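Hi everyone, thanks for coming. I'd like to take a few minutes to walk you through a structure I've been looking at.

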Amino acid sequence: MAEARGNHSRSSRFAATKRWLLSITATIASTYALDAIAAAAGLLLAASQLMQGLSHMSVLAFLAGTYILWGMGLRLNLEANWRLLEETGTSTNVLSKVAFDVVRHWTGNVRMRKIATASGYAGTELAKEAPYYAGAFGAALFSDSVSANDALTFLGGANLGAAIYEYGLARLVTGYLQRKNTPIYACFETDWLPRDYLRDFYSVIEEDERRTIAFFVEALKKTEPNRPILFFGVGPALHHVFLAARRASEIHLGDYLPANLREIERWIERDPRAHDWRPFVRFTLECEGVASPTELDITRREELTRAKITRLFEVDLRRADPLGGEALSGYSTVISAYCADSATANRGVWKTYMGRIAGLVRPDGTLLTAALRRSRFYLVGGLAFPSANIDEHDLHDVLQRHFQHGGLEIASCELENAASKGYSSIVLARASGRCASA
Ligand SMILES: C[S@@+](CC[C@H](N)C(=O)[O-])C[C@H]1O[C@@H](n2cnc3c(N)ncnc32)[C@H](O)[C@@H]1O
């Protein structure tokens, strides 16, 4: 036990030393980089004669403008440096790391830590300006060939160089953090095993599915009855389909992977190897108001569902027409749960996918959807599949482009026990009144 504690404290001392060494190296490298870029930009601008002939006031105004640009770059970099310190304990500015560590040692107050960190950083950057002032004004004072305007032009150029440097460094740091936080994703085509998915997510009815099914049961009451209902991205899973069996005239199921559709066929054909959905059917009936569903009630709902499923087809959200001309021109109700958000890690792509799913709903129709909330991945068979890291605001933004404003109902739910699978909340939505023009 004592040996383990000793090992632990040795390895944390080593990690702390490594963080300091990294920060010192990054500080030296970034100081040289800033010097080189700012000096080169100042000299280039002064030598270019671009500002020649401008009045003193114009040159001063230009200089003021370059300070604003530099300040904007610095602001971005302060934010990036703060995130870098918070997430890795390292910095590109050793003084700001000192400030960060000292304040963290004395108080848990995040605001104070942020102010100290920014002060350490900005203070150093301002101090780095001094040699430029000394150089520029020294040359103007002691040399006849350098005028006050030349000195100001040099300073303006140096500020522009510094702005480019700050902006570039901020991009570099945020890019690094993004790469660091992005897991390596598994691939649907080669890594997705329907059996693993069913085992990991549908062996018991987890809280996220209790919430989703209950929400869909209620939301479905506000849709047009006796029309075909499309389940888009149904996966190998039927747990949402049972709730549509009474309301739909027929049920169409679409998914990207043929292996998922085969799993559904197994259930339709009563293959003994098919997944057992009866607990989910029972829960669905309870949500519909049946106090104690009997085995017969469950079998009847299963049979009704089998009878209503009339089409199974492959879909692909990467196509502008995700159904590939396979189905109806527009459904009055589309249900798509954990599909667009669980098919990409990129929010821009997710928005496009959601637009395409909304496009399958006919004018005035309804989309019911569900997504993982603020999640970057979910685990299937121990492999990380992508999640678009979206929340209720993102969903609202995307749905309001395609549906009437009053037709949106969006709920987010915190979950107790899902974090080990990669998420701890979900967002559920009903979007009614699809706009004809969207
Ligand atoms: C997390 S599963 C959700 C399945 C099911 N809706 C559920 O709630 O369990 C994500 C689904 O997205 C589908 N998918 C992946 N890439 C897709 C694409 N390009 N187009 C359409 N669906 C895709 C997968 O086949 C998978 O069934």
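Predicted model: local features only at pLDDT ≥ 70, side-chain atom pairs only at ≥ 80, totals over all residues.

I'll start with the ligand and its surroundings, then go on to the pockets.

Let's begin with the ligand. How many residues surround it? The count is 22, and the closest are Tyr-197, Tyr-202, Gly-233, Asp-255 and Leu-317. If you sort that shell by class, you get 14 nonpolar residues, six polar ones and two charged ones.

With Asp-255 we move to a side chain, where an N or O atom is 2.8 Å from an oxygen atom of the ligand. Asp-316 also brings in its side chain, with an N or O atom 3.0 Å from a ligand nitrogen. And how much of the ligand does the protein bury? On its own the ligand would expose 600 Å², and 97% of that is buried by the protein.

So where does the ligand sit? The space it takes is the largest pocket. That pocket has a volume of about 690 Å³. Its lining has 39 residues, and those closest to the centre of the pocket are Phe-188, Tyr-338, Cys-339, Ser-342 and Ala-343. As for the elements that give two or more residues to this lining, they are the helices α6, α7 and α8 and the strands β1 and β4. By class, the lining has 26 nonpolar, seven polar and six charged residues.

Let me finish with the second largest pocket, which has a volume of about 270 Å³. Which of them gives the largest share? That is α5, with four residues. This lining has seven nonpolar and five polar residues, and no charged ones.

That's my tour, and I'm happy to go back to any part of it.

Technical notes: Residues numbered from 1 in each chain as written. Heavy atoms only, no water. Near = heavy atom within 4 Å. Polar contact = N/O pair within 3.5 Å; in protein donor to acceptor, adjacent residues only side chain to side chain. Areas by Shrake-Rupley, 256 points an atom, 1.4 Å probe, with all protein chains shown as cover. 1 Å grid on protein atoms, 1.4 Å probe; cavity = no way out; pocket = protein on both sides within 12 Å on 5 of 7 lines; lining within 4 Å. Sits in = over half its atoms within 2 Å of the grid points. Nonpolar A, V, L, I, M, F, W, Y, C, P; charged D, E, K, R; others polar. Points joined across faces, edges and corners; volume = space filled by probe spheres on them.
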